[in-house]
Every structure is written in structure tokens, then in C-alpha cells.
Amino acid sequence: ARRLNLQRNLLFLEEFSALSELFTKSGLPAPMPLKGLAFLNRIYEPRERALTDIDLLISPQSFDDVSDVLGERGYQRRYEPDSLSPHKSTFHRDWHG
């Protein structure tokens with residue numbers, strides 16, 4: 001299980017790095033990781049905690065531009081009608097297709 005966690009977490013780290021580069025190339029502020037990804041290598045060793053997603057803090061002013069960048073990377077927005085914040089959104093990317 002630890003080996004699988006490490007492999008999966010390395011993919012998430014690579015994806016975060018690619019997103020950061022795309023944001024920078026698009027003139028956007030670098031994304032700020034939250035929760036699991038933010039704690040990797042600080043609190044946890046990469047093989048000890050299994051990540052299942054990447055949580056990012058994005059300024060509301062750059063939301064539309066960020067949505068465009070994520071769309072270029074293959075992410076699709078999933079709306080959350082029950083969300084307390086109109087700016088909270090989930091984006092999903094199909095990794096198998």
C-alpha cells in the first residue's frame with residue numbers, strides 16, 4: 001500500500017507542478033495547495049498518506065481565467081449547488097482516457 005501511495009502521490013505532485021507552470025505562463029498567480037498536498041513532505045512522507053485530489057486556493061478575481069487554464073489541461077467543472085460559497089467549485093480530469 002505504501003508503494004502505491006508513493007506512486008499516486010508523485011503523480012499528484014507532478015500534476016501540481018504542471019498546473020503551477022501553466023498558471024505562471026498564463027500570467028496567473030501560482031496556485032496555493034491546501035490540505036493533503038500542502039502537508040506532503042512537511043508532515044507526512046509521500047508514501048504514508050494517500051492523496052485522492054488536489055485542493056487549491058484561488059482568488060475569486062482570477063476564477064474565470066483559472067477555469068480556462070484547467071479546461072486546457074482537460075479538467076471539467078462540476079457544479080456544487082449546495083456549496084456555501086459561489087466560488088467553490090470542483091474540477092475533474094479523467095486520468096484514464
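Helices (H or I, at least four residues) and strands (E, at least two) are taken here as DSSP runs, numbered from the N terminus. By that convention, proline 33 belongs to strand 1, which covers residues 32–34. The model described in this report is a predicted one.

**Overall layout**

The protein chain holds three helices and four strands. Followed along the sequence, these elements give the pattern α-β-α-β-α-β-β. The protein chain has 97 residues, and 27% of them count as buried. For contacts in the protein chain between residues at least 6 apart in sequence, 56% join residues at least 24 apart.

**Helix 1 against helix 3**

Two packed helices are described by the angle between their axes and the distance between the axes. Helix 1 (residues 2–25) and helix 3 (residues 63–72) have axes that come within 10 Å and cross at roughly 125 degrees. Because of that angle, helix 1 is oblique to helix 3. The crossing of the two helices is right-handed. On the helix 1 side the contact is made by Leu19, Leu22 and Phe23, and on the helix 3 side by Val66, Val69 and Leu70. Sorted by class, this contact has six nonpolar residues, no polar residues and no charged residues.

In soluble globular proteins, nonpolar side chains tend to be buried together. The largest nonpolar core in this model has seven residues: Leu19, Phe23, Leu28, Val66, Val69, Leu70 and Tyr75. Helix 1 and helix 3 are the elements that give two or more residues to this core. Helix 3 supplies the largest share, three residues. Apart from this core lies another, of five residues, including Phe16, Leu37, Leu40 and Leu51.

When neighbours within four places in sequence are left aside, valine 66 is in contact with Phe23, Leu28 and Ile58.

Proline 33, in strand 1, counts as partly exposed because its relative accessibility is 24%, and the class of buried residues ends at under 20%. Not counting residues up to four places away in sequence, proline 33 touches Phe16, Ala38, Asp55 and Leu56. One of these, Phe16, is also a member of the five-residue core.

Lysine 35 is found in helix 2, residues 35–39. Its relative accessible area is 52%, so lysine 35 is exposed. Most residues other than glycine have a negative phi. For lysine 35, phi is near 55 degrees, a positive value in a residue other than glycine.

**Other positions**

Leucine 4 is part of helix 1. With a relative accessible area of 49%, leucine 4 is partly exposed, since the exposed class requires over 50%.

Serine 59 sits in the loop that runs between strand 2 (55–57) and helix 3. A relative accessible area of 29% makes serine 59 partly exposed.

Phenylalanine 91 has its place in strand 4, residues 90–93. Beyond its neighbours within four places in sequence, phenylalanine 91 is in contact with Phe63, Ser67, Leu70, Tyr75, Gln76 and Arg77.

**Pairs separated in sequence**

| Pair | Separation in sequence | C-alpha to C-alpha distance |
|---|---|---|
| Proline 33 and isoleucine 58 | 25 residues | 9.4 Å |
| Leucine 4 and glutamate 48 | 44 residues | 10.0 Å |
| Phenylalanine 91 and glutamine 76 | 15 residues | 5.2 Å |
| Serine 59 and proline 29 | 30 residues | 8.8 Å |

Glutamine 76 is also among the residues in contact with phenylalanine 91.

Conventions: Residues numbered from 1 in each chain as written. Predicted model: local features only at pLDDT ≥ 70, side-chain atom pairs only at ≥ 80, totals over all residues. Heavy atoms only, no water. Axes fitted to C-alpha atoms, helices over the stretch in contact; angles between N-to-C directions. Parallel < 35°, antiparallel > 145°, perpendicular 65-115°, else oblique. Left-handed = near helix turned anticlockwise from the far one by under 90°. Contact = heavy atoms within 4.5 Å. Nonpolar A, V, L, I, M, F, W, Y, C, P; charged D, E, K, R; others polar. Core = buried A, V, L, I, M, F, W, Y, C linked by side-chain atoms within 4.5 Å. Buried < 20%, exposed > 50% of the residue type's maximum accessible area, 1.4 Å probe, protein only.
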